[in-house]
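Here is my note on the aromatic side chains. Please read the points with the model open.

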Amino acid sequence: MRCTLCEQLVFEWWHFRKYGTSFIEQVSVSHLRPLIGGAENSPPAAASFSAGESEASRQNMPECKVWRNPLNLFRGAEYSRYMWVTGKEPLTYYDMNLSAQDHQNFFTCDTDALRPSDTVMQKAWRERNPQARIKAAYQALELNNDCATAYVLLAEEEATTIVDAEKYFKQALKAGEMIYRKSQNCHSQSPQHEAQLRRDTNVLVYVKRRLAMCARKLGRIREAVKMMRDLMKEFPLLSMLNIHENLLEALLELQAYADVQAVLAKYDDISLPKSAAICYTAALLKARAVSERFSPETASKRGLSTAEINAVEAIHRAVEFNPHVPKYLLEMKSLVLPPEHILKRGDSEAVAYAFFHLQHWKRIEGALNLLHCTWEGTFRMIPYPLEKGHLFYPYPSCTETADRELLPTFHEVSVYPQKELPFFIHFTAGLCSFSAMLALLTHQFPELMVVFAKAVSIVSVTGLPEVTWGTLGSFGVHGEVGSSQSYASGP
């Protein structure tokens, strides 16, 4: 008896771990419910993976890679102002250290020794103290008034408003274009000149992008869209910088949804790394077509239309890619300033996306309601255990650790939603454990368990009786001879 109960418990646990459903629940829903007239609404069983397939999928799983946030804020004009007001540091040391590495890779090269101002800036990007970096930028400008990277540093860190930052970037653009043209004319002379051209190209692209972001923040949205489109046409090979995500956000602000769809058609490709901006923008456009008239009660009665099914599937796709975003869009979690780097599919990416795109979801009537009604259904579709995926690669297990390094300490990091065990599994496990315990006690203490069973049976049939020593004696429990005192409650 004990072995049978234990084996049943182990089998139930194994079946749920492998297929995501209880074996008894699945059999009852699939076979018994149709016999008694119930609807068969159980999801299809997930296909099992062999050991070889599991190993192959693990080898193909992407590692946790940190990306530069395409919409990162300005250090002086936004992050520093937040710290002055709240007293909280919005950026972590790890995040700022990654930015320092980016600056060294983007804005320096092996030929910096040929230009004294570039030599000074090479040291400036390595400085940890912001004031030391700003001081070095002014020293570089004293050596060369056309040092574009010095203006970039001042725009990012010394300017306290977006207007001031834009002025510095305009000076950087003027100097950067001049240096870029010189590098183009002599880039074929030697490998060193080619490296210098790459560096000058990086500087020019960076400056133009930040100028477009300044225009977007200052309300000149159409100008910002034009600058972004021109930049993407001029440097089409720099798609890894994700300039199209800046363009998507600006087009959504203009409510130019046809243009947004055209951008998605070009960049929402299976061969490109996905992002929350791509997936959730695609879901937003599909939700826009049906959200205004969507009603959960009506949909449950008549079923979903084709357009509603497409919208729900798009939401499921987006949630599977990044499951942290909905709680921010639905304002179930509070937002913080986005970090300068994000981890795709992580909480840091969710914060960065929701920080800029929440207003676009609010603008479309009913979009958040549709998201609220459907997003949690994603987790019932993903195969269990959670290291398997449905539409994308399995969810990386390293995201939580990396997000804690990227996000400030006062922010509660969102963890991947764990698939909860249904009540039937808890009930079955408890019942089997209780039965196994009774079997063990019966085996070890048979006489005592017989007494206990008789007492329970009498109580269940007649209620609580008056228990005397004579009554207990009939069960085989003997007290002192001649004692007839009653220990029961009552008269």
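1. First, the terms for exposure: buried means under 20% relative accessible area, exposed means over 50%, and partly exposed lies in between (1.4 Å probe, protein chains only). By that rule Phe107 is buried, with a relative accessible area of 3%. Phe106 is partly exposed, at 27%.

2. On sources: this is a predicted model, where local features need pLDDT of at least 70, side-chain atom pairs count only at pLDDT 80 or more, and totals for chains, interfaces and linings use all residues. Residues are numbered from 1 along each chain as its sequence is written, and side-chain values use heavy atoms, with hydrogens and water left out.

3. The structure holds eleven aromatic pairs. Rings of Phe, Tyr and Trp (its six-membered ring) pair if their centres lie within 6.5 Å; planes under 30 degrees apart are stacked, over 60 edge-to-face, the rest tilted. Phe106 and Phe107 have ring centres 6.2 Å apart and planes at 65°, so this pair is edge-to-face.

4. Phe107 also pairs with Tyr206, edge-to-face, at 5.2 Å centre to centre and 85° between the planes. This pair links distant parts of the chain: Phe107 lies in helix H5 (residues 93-107) and Tyr206 in helix H10 (residues 191-217), 99 residues apart. Helices here are DSSP runs (H or I, at least four residues), numbered from the N terminus. Tyr206 is buried, as is Phe107.

5. Two charges sit over rings (NZ of Lys or CZ of Arg within 6 Å of the ring centre and within 35 degrees of the ring normal). Lys65 places its charged end over Trp67, 4.5 Å from the ring centre.

Terms used
Helix = DSSP H or I, 4+ residues; strand = E, 2+ residues; numbered from the N terminus.
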